[in-house]
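Biologist: I'd like to understand the words you use for a model like this one. Could you take me through them, setting each value against its cut-off?

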Amino acid sequence: MLIIVSKIINYNASLINSSALFIQNDGIGIQEGEIFFGSDRIKINYKYPQNLTLILSEKKGVYINHDLKESQYFNTNKSFIKFFFKLLKGKRFAEKPRAEKNFIKINDSFILDDIVYQITILYENNPIKIRKIIILEDNQNLEISFFDHKSLEFFDKKFFSMLDPYLSQ
């Protein structure tokens, strides 16, 4: 079990300067895009069906709608994003990771503003890669599947900037 935990911790740390394509399904619609992992921030570019960007840190985030040229800032401490960062950057897990066939599964649950969240992260086991995140919130299901992983990309500091790109326009 310690080997599995060590593999996940090392893999999560290696996500810095990497990216992956994703498909997100909330049971109503499908969205597609690319996620980029920086040292302290995550950038998510949605390409379909809308052109949106989310830039997230442990404490704050910005939602950018490129079609409307609008940006909205929000506190990630009041959302499940806070726990996602905790899982990715943590060295301990609420439940021990379980190896199941070709996958490693991590489960966690928490309550935020009287809403119960359950998060499952699935990693491919060999080679280890994040493949799916499932978030269950009051019987609403959100699944994000990752593919086409790229590592050792180098992003300039402005790439993860939370400044409103349309402020001066």
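Modeller: Gladly; what follows goes through the terms one by one.

Modeller: A word on the ground rules: this is a predicted model, where local features need pLDDT of at least 70 and side-chain atom pairs count only at pLDDT 80 or more, while totals for chains, interfaces and linings use all residues. Residues are numbered from 1 along each chain as its sequence is written, and side-chain values use heavy atoms, with hydrogens and water left out.

Biologist: Why is Phe-22 called buried?

Modeller: Phe-22 has a relative accessible area of 2%, and buried means under 20%, with exposed over 50% and partly exposed in between (1.4 Å probe, protein chains only). Phe-22 is therefore buried. Phe-22 lies in strand S1; strands (E, at least two residues) and helices (H or I, at least four) are DSSP runs, numbered from the N terminus.

Biologist: Which residues does Phe-22 touch, not counting residues up to four places away in sequence?

Modeller: Contact means heavy atoms within 4.5 Å. By that rule Phe-22 touches, among others, Ile-35, Ile-44, Tyr-46, Ile-144 and Phe-147. Leu-54 is 32 residues from Phe-22 along the chain, and their C-alpha atoms are separated by 14 Å.

Biologist: What makes Glu-58 partly exposed?

Modeller: Its relative accessible area is 42%, so Glu-58 counts as partly exposed. Glu-58 sits in the loop between S4 and S5. Leaving out residues up to four places away in sequence, Glu-58 touches Thr-76, Asn-77, Phe-85 and Lys-89.

Biologist: And Asp-108, buried or exposed?

Modeller: Asp-108 has 11% relative accessibility, so this residue counts as buried. Asp-108 belongs to strand S8 (residues 103-112). Not counting residues up to four places away in sequence, Asp-108 touches Leu-87, Ala-94, Tyr-117, Gln-118 and Ile-119.

Biologist: How do you know that the side chain of Asn-141 makes a polar contact?

Modeller: A polar contact is a pair of N or O atoms within 3.5 Å; within protein, one must be able to donate a hydrogen and the other to accept it, and residues adjacent in sequence count only if both atoms are side-chain atoms. The side chains of Asn-141 and Glu-143 are paired at 3.3 Å, so they make a polar contact. Asn-141 is in strand S11 and, with a relative accessible area of 33%, is partly exposed. Asp-26 is 115 residues from Asn-141 in sequence, yet their C-alpha atoms are 5.8 Å apart.

Biologist: What does the side chain of Asn-65 reach?

Modeller: The side chain of Asn-65 reaches the backbone nitrogen of Leu-68 at 3.0 Å. Asn-65 lies in strand S5 (residues 60-65) and has a relative accessible area of 6%, so Asn-65 is buried. Leaving aside neighbours within four places in sequence, Asn-65 is in contact with Gln-50, Asn-51, Leu-52, Glu-70 and Tyr-166.

Biologist: How many aromatic pairs does the structure hold?

Modeller: The structure holds 8 aromatic pairs.

Biologist: Why is the pair of Phe-155 and Phe-160 called edge-to-face?

Modeller: Rings of Phe, Tyr and Trp (its six-membered ring) pair if their centres lie within 6.5 Å; planes under 30 degrees apart count as stacked, over 60 as edge-to-face and the rest as tilted. The centres of Phe-155 and Phe-160 are 5.5 Å apart and their planes at 90°, so the pair is edge-to-face. Phe-159 and Phe-160 have centres 5.1 Å apart and planes at 85°, so that pair is edge-to-face too. At 19% relative accessibility Phe-155 counts as buried, whereas Phe-159, at 23%, counts as partly exposed. Phe-36, Phe-155, Phe-159 and Phe-160 form one aromatic cluster.

Biologist: What residues line the largest pocket, by nonpolar, polar and charged?

Modeller: The lining divides into 18 nonpolar, 2 polar and no charged residues. Here Ala, Val, Leu, Ile, Met, Phe, Trp, Tyr, Cys and Pro count as nonpolar, Asp, Glu, Lys and Arg as charged, and the others, Gly among them, as polar. Among the 20 lining residues, Gln-24, Ile-44, Tyr-46, Leu-54 and Phe-80 lie nearest the centre of the pocket.

Biologist: What makes that a pocket?

Modeller: On a 1 Å grid over the protein atoms alone, a pocket is an open set of points where a 1.4 Å probe fits, with protein on both sides within 12 Å along at least five of seven lines; lining residues have an atom within 4 Å of a point.
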